[in-house]
Amino acid sequence: MDVKAYQKVLGLLKAVPDLSPLLHLPEVKTISLIFQWNLHGLISEIHEVRCRALFESRQRPQPGEINYFPAKRTDDLSDELESIQAKLSSLSENFGDEAKWHGRCDEAIAWYSEALALTGCPSDLATPKLEGNAAIPPMKDKAISERLATLSRCPQCIAHLLAKRSESKARMMAWADALTDATRAIESDPSYPWGYERKFVALHAQENFEEAVRTLRDMSSKFMDTGALEIYQVRNYSETINEINGQINAIFDKSPFALIDVEDGHLYNQEKQRSMFEKDPIYYTLVSESSISTVPDMNHIKDVVEGYFCYVMFSHTWEGEEPSFEVVSKTPVYELASSPLNQKLRKFCETVRDDYKPYRWSWSDTCCIDKTDRDIFEKSIRFMYKWYHNSALTLVLLAHPSKSNPPNSPYLEHNRWMFRSWTLQELLAPKLIRFYNRNWDLYLKGGNFNHKTLPELQGAMVGVEDALRDDFSPAALTVRQRLRLASTRHATVKVDIAYALIGIFSSDIDVQYTREGEVALGLLLQEIVNRQGDITVLDWIGTPSKFNSSVPTDLTVYKSGTYKPYELSSITHDMVDQRERAFHDTSLKEEATSLHNLLSTLGLPRFADRRLSLPSIVFPVTGIQRDVSSGARDQGTITYIASTIALGEVRFRTKDTFFSKPLKGRVVLVYPWIRDLLVQTRDHARGKHTKHTRALRLIMHLEQGFRALLFAEHCDQQYRRVAADEEIFLPAHELTSLEDINIEVLEIWEKS
């Protein structure tokens, strides 16, 4: 038969009534038995003819024109019919794809349902149900086991069609029905990835983000390693999870090891914090939204993760037996026994919890450091500056006012909090600070702005106002400026004076509370010199440390004065020109050039194991005698006269008894500020950089006067500093010869 003949058969078959609805009637069953009619066979034969005619006629039918494949197979159905059924199912699927492409989703749903019926799919799956659409008959529910048994004949095809129909329903915003089809697609074939994809999309649309992420997780675990999967949600999910984990790891690298959850008052370590985040609706929403996006927004992921894990630090002065790590680990903050110090911690957490910003985590040095774990404790001391710097906010509870300050008066500048060693980094490091009085009211009702801008603070930081910038970095201040800030502060435990500066100086000294305070400070100053080559720490007046005589016993020596080894403004260009003309006529020219060249090749100071190797310009002392004209001793202070060939006589005062005994070695006056001196030997204004002009400027700087240090040899090539009670200042003088000026590396140390 040709195409026209099959088309004619289809026309005739349209007049054949559908007998299927009559088969269940008792009367029909009785008549069929009496007359031995095979109505099932007749219907199958009609169906076979119709299918063959539809296929061979090459004309496009309407949805529903192809009768459904009988649920019960009969021997009357030939293999040829099954082949035609499969081809018609594929044709229906193509028609559905075409309809969906043109936005006719209701028609697409009907065609996919037709294709499902032609595969032998049960009627409850093949029926194109849509909620709220009365024209489409409702879907009939069946037990899952019964349905899966029926679907097993062609699972891959059925899952594929169900996923496509789910997508069409999703485009019509029928999310519940789309989810049903997606779920059945997975049940039909758990190895078919697109069923999971459609389920995820439907769950996300219903804002069931937790189940959506679980679906993504299942899909990723099943199909990510196949190498053939091109579902972009899986790729996005993987990238999102990696980005989230990377952000969390980066945050944990610069966050405290344990934080208080201000919602329940419990103390949690970092792994528990991560686990809590991964169970939070915020997490599920972020993962689901990022996975369904065309490209995950990494900046948004960063903002959400940082927002969840941001924390508030507590700064205060210790007032006795504060609640400890052991206590808060067992008892939530809000359930602690009633006491003033427990109430202080509780009010801090409540203030954080009730802030207008959604802060969840808080930290207090009293209870968030496990001091029984030496490694944790030492790292906490070392990283504390970084923790304050990376905090979202630092709340400062000011100490009780002194009797001279009424309770309601401005007392910030004179508050005890301003003079504690540990609170220096708690002032400098945070980007945002708020001060509270003892009633937990904002200081001076200043509002929620950054209290680092308070005039009282600015007045207390004269000369180092940049230290109160919200983007402050310790490197913005010189070593000397940082030491000056620390010099007005004190600690109950002396070693804390040094340990409180570990973060400010990025120090690596180990934390040991068994050592003496001046030894801890000596280790800190030793590291500053050795790591940075900065010898401004040697410029002080006071008592030398037993750690090494070149450093002081405490920081109070850095309170006043600024490191100025010489006054540069005294040298003018005319003076340089005049001195240069005389310079050419003397042998001093070659001596100065040699001196400059030698200084330029000197290395940096080295300070390790309590031994300082100090490159210096050395002026040998030819004699030491007591200055009898200075009168009687002043509180043990004696004035001496040191004689030098190059500098003449130099007077100094000291309480040191070193010179009360016969000298066994050399005594030298030392100019150690070589690096600063060489910088000033360049005439930048005139662009003169010859070796002779640089040497000339070096000599002129030495001639204008400078501060010197005094060292005495107490053992073979071992020197100690003789601390003077005031500056040893060498006045202006003219150098006619450099023969008595040496360039040496002095070894300052004492064998223990």
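This is a predicted model: local features need pLDDT of at least 70, side-chain atom pairs count only at pLDDT 80 or more; totals for chains, interfaces and linings use all residues.

The protein chain holds 27 helices and 15 strands. Its length is 752 residues, and 51% of them count as buried. If we take the contacts with a separation of 6 or more, 67% are between residues 24 or more positions apart.

Let me begin with the sheet. Six strands form an open sheet with mixed pairing, and their order is β2-β1-β4-β3-β5-β6. At the edges are β2, residues 267-269, and β6, residues 433-436, each of which pairs on one side only. From one strand to the next, the twist averages 35°.

Within this sheet I would draw your attention to β3 and β5. Strand β3 covers residues 311-315 and strand β5 residues 393-397; the two pair in the parallel sense, over 4 bridges. As a point of reference, F314 stands opposite L395 in β5. A helix, α18, lies across β3, β4 and β5, and it runs at about 120° to β3.

Strand β4, residues 361-363, contains S362. Is S362 buried or exposed? S362 counts as buried, because its relative accessibility is 0%, and the cut-off for buried is under 20%. Which residues surround S362, once neighbours within four places in sequence are left aside? They are L259, I260, V262, V312, F348, C349, V352 and C368.

How does the lining of the second largest pocket divide by class? There are 11 nonpolar, 8 polar and 9 charged residues.

The next region is the hairpin formed by β12 and β13, which has 2 residues between the strands. In the turn, Q717 has a positive phi of about 60°. Strand β12 spans residues 706-715 and runs antiparallel to β13, with 4 bridges joining the two. Here A712 stands opposite R720 in β13. Strand β13 itself takes in residues 718-721; Q718 and R720 point one way from the strand, Y719 and R721 point the other way, and all are buried. I would ask you to note that these buried residues include two arginines, R720 and R721.

Rolling a probe the size of a water molecule over the atoms shows where empty space is left. Over the whole structure, the search finds 3 cavities of 30 Å³ or more. The largest cavity has a volume of about 120 Å³. It is lined by 14 residues, with W540, A708, L709, R721 and I728 closest to its centre. Which element gives the most to the lining of the largest cavity? It is β12, with 4 residues. By class, the lining of the largest cavity comprises 9 nonpolar and 5 charged residues, with no polar ones.

The second largest cavity holds about 50 Å³ of space. The residues around it are S421, L424, A486, R489, I497, A500, L501 and L555. By class, this lining has 6 nonpolar residues, 1 polar and 1 charged.

Finally, I come to one residue in a helix. V213 is found in α11, which runs over residues 209-223. V213 is buried, because its relative accessible area is 0%. Leaving out residues up to four places away in sequence, V213 touches Y237, Y284, V287 and S288. How far apart are the C-alpha atoms of V213 and S288, given that 75 residues separate them along the chain? The separation is 5.9 Å.

Thank you for your attention.

Conventions: Residues are numbered from 1 along each chain as its sequence is written. Side-chain values use heavy atoms; hydrogens and water are left out. Ala, Val, Leu, Ile, Met, Phe, Trp, Tyr, Cys and Pro count as nonpolar, Asp, Glu, Lys and Arg as charged, and the others, Gly among them, as polar. Buried means under 20% relative accessible area, exposed over 50%, partly exposed in between (1.4 Å probe, protein chains only). Contact means heavy atoms within 4.5 Å. Two strands pair if DSSP finds at least two bridges between them. Axes are lines fitted to C-alpha atoms, for helices over the stretch in contact, and angles run from 0 to 180 degrees between N-to-C directions. On a 1 Å grid over the protein atoms alone, a cavity is a set of points where a 1.4 Å probe fits but cannot get out, and a pocket is an open set with protein on both sides within 12 Å along at least five of seven lines; lining residues have an atom within 4 Å of a point. Grid points are joined across faces, edges and corners, and a volume is the space filled by probe spheres set on the points.
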